[in-house]
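Me: I would like to understand the charged pairs in this protein. Please guide me through them step by step.

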Amino acid sequence: MLSHVKFDRQRFRVIALDLLAPLLLILLVVFDIPFGRTFEFDNDEGINLMKAFLYWKGIPLYTETWNDQPPLLTVILSAWFNIVGSSVVATRLLILGFSILLIGSFYQILKDKLGRLPALLGSLFLMLSWSYAKLSVSVMIGLPSLALAVLSVYILTLYQRYHHKILLILSGGLLALSLQVKLFTVFLIPLVVLLILIPEQAIKKADQDKQNSLSSVIKKVALWLGSVAITYLAIGGLFNSIHYDQLWQSHVEDSIKNQYDATNGVPYLLSIIRNDLDLVGLAAIATLSLFLQRRWADLFPFAWFLTALLLLLNHRPIWYHHYLLLSIPLAWLAAYGVAIAVEFFRQAEWRDWMQSLNVKRIVIPGVALILMGVAIASIPAKIASPWGRPSSQWEIVEILEQHRDQTRWVFSDRPIIPFYAALPVPPEVAVLSNKRLAAGNFTYDNLLEVLQTYRPEQVVLARRTQEIKSHRGIYRFLRQNYTRTYAKAYSRSDPTAIAEHYLIKDLPQGS
C-alpha cells in the first residue's frame, strides 16, 4: 500500500514538472502582456477576426471573401465564435492555447532528448524571445501554424521511439494542418524527411535485418508524405481553398517586393536577431559541438534555422512575426548548449579535467557554461516589454453600436473596429492589407465600386484616411452621400493620422 502511494507521488511530481513550462508561459502572458486591455496588437488581428466573423455569418472564403491565406484558422475561429461569441479577448485566449501547445510540444522534444533542465530552460528562452509573448495572444496565423508543425515533429519523435505507423500518419497530418493555417512551414517538409531518413540509416548500419532495408525507409517516407498530401488536399477540397491566384501568386508578385526598400531585408532581419544575441551565442557553440560529434539527426534545428534564414533573406517584405521561424530553432539549439554544460558537470572526471587543463574536454563546455549564464542573466530584462497599443478607437466603436440596428454593412480600413461592434464589412474589403494593395490585386477604384455597390450605412477611416480620401471618386462619394460625425487624431507623431466616422445621409429614422 505504501509503495503504491509512493508511486503515485512520484508520478504526480513528474506530471507537475512537465506542466511547469506551459504554466510559466501562462504566468508570463497574464502578468506581462495586457491582452485584455489592448485594443489591437496588429492590423492582422482585425483582418483575421473579420474573415472569421464573415465566415461565421455564412459568407464563404475565396469566392466572396478575398483571402490570401489558407482557411483552417478562419474555420477554427468561426467555430470558436459558436461557443464564446465574437469576443476579441476570448479569441486571444484561443491563440494562447496554440502557444501552450507549441511550448508543451517543444518542451517534450527537448526533455526526451536532453533532460528536464535543458528542456525547461530552452522553453523559457523561447517564450522570452523577442515578440513571442505578444504573438501568444495576437490573433494572427503564424504561431498557430508553427504550433501544429512543432507538434508534428514531436509526434514523429514518438514514432521513432515506438515505431507505430499511426504516429507517422498523425505527424504528416499535423504538418498538413499547419500548412492549411499558413503555408510558410512548407520548407519543413524536406527537413522532416531527412529526420526520418537519418535515424533509419544509423539503425541500418547497426542492424542489417530486413526490417531496416532501404525499401522500408522509402515506405516510411512515402507514408508520411502521403499523409501530408492527402490531408492537405482533403481540407483544400472541403473549404474550396485551392486558389493559386489568391494563396500563392499574391505573395510572390514583383510589385510587392518593389514597394519595400533594401532596409526591409538584411538590416531589418539583423536588427530583430540582435534582440536575442544571448541565444545566438549559446546556439552557435551547441551547433559547433554537434558538428564535431557528427550528431547529424540532432542538427535538425540548425537545418531549420539556416533554411528559414536563407528564405527570409530572399523574401520581401519581412514582418516581425516572421522571426518565429528563427526564434524556435534558436531556442532549440540553445537548449543543446545548456545540455553541454550540464553534461560536463555530471561526469565524474570533470574536476580532474579542470585541474589538468584538459583543453579538449573543457573548452566547449566552459564556453557553453558562460553563454548559458549570460542567457539566464538576460531573462529579467526580457520580461518587461511594452507590448500593446492603447487606443481612442473605443469612441468610434460606441458610435457604430448606436446605429447597429440600422446598419447592414460598415466599411472600415481597420476591420477590428466594426468587429468590436459586431458589424460586418463587405467581404471584398475584409482583407485590405498593404500586401494586397502593393500587389495591385485591389485598387482604390475597386474600393469605390464596393462603396457604390454596398452603400454601407457607416464608414470608418482609421488607418489610411488621407490616402483613401485623396482618391477623387471616393472623396466625392463620401461628400455626396455621408455626414462626418467624428474626427480625431490618433497618433502624436503623425498629425495627418486622423480617425473619421461617416454616417449615410438617408439612414432610416429611429437611429
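Me: How many salt bridges does the count come to?
Reply: The model is a predicted one. Side chains of opposite charge can pair when their charged atoms come close. A pair is counted if a side-chain nitrogen of Lys or Arg lies within 4 Å of a carboxyl oxygen of Asp or Glu. By this rule, the number of salt bridges is 14.

Me: Which parts does the salt bridge between Glu 45 and Arg 92 tie together, and how many residues apart are they in sequence?
Reply: The closest N and O atoms of Glu 45 and Arg 92 are 2.9 Å apart, and both residues are buried. Glu 45 belongs to helix α3 and Arg 92 to helix α5, so the pair joins parts whose separation in sequence is 47 residues.

Me: Is Asp 298 buried or exposed?
Reply: Asp 298 forms a salt bridge with Lys 113, at 3.2 Å from N to O. Lys 113 is in helix α5, whereas Asp 298 is in the loop between α15 and α16, 185 residues apart. A residue under 20% relative accessible area counts as buried. Since the value for Asp 298 is 8%, this residue is buried.

Me: What is the relative accessible area of Asp 276?
Reply: Asp 276 forms a salt bridge with Lys 382, their closest N and O atoms being 2.7 Å apart. Lys 382 lies in helix α20 and Asp 276 in the loop between α14 and α15, so the pair ties together parts 106 residues apart in sequence. Lys 382 is buried at 19%. Asp 276 is also buried, and its relative accessible area is 1%.

Technical notes. Residues numbered from 1 in each chain as written. Predicted model: local features only at pLDDT ≥ 70, side-chain atom pairs only at ≥ 80, totals over all residues. Heavy atoms only, no water. Helix = DSSP H or I, 4+ residues; strand = E, 2+ residues; numbered from the N terminus. Buried < 20%, exposed > 50% of the residue type's maximum accessible area, 1.4 Å probe, protein only.
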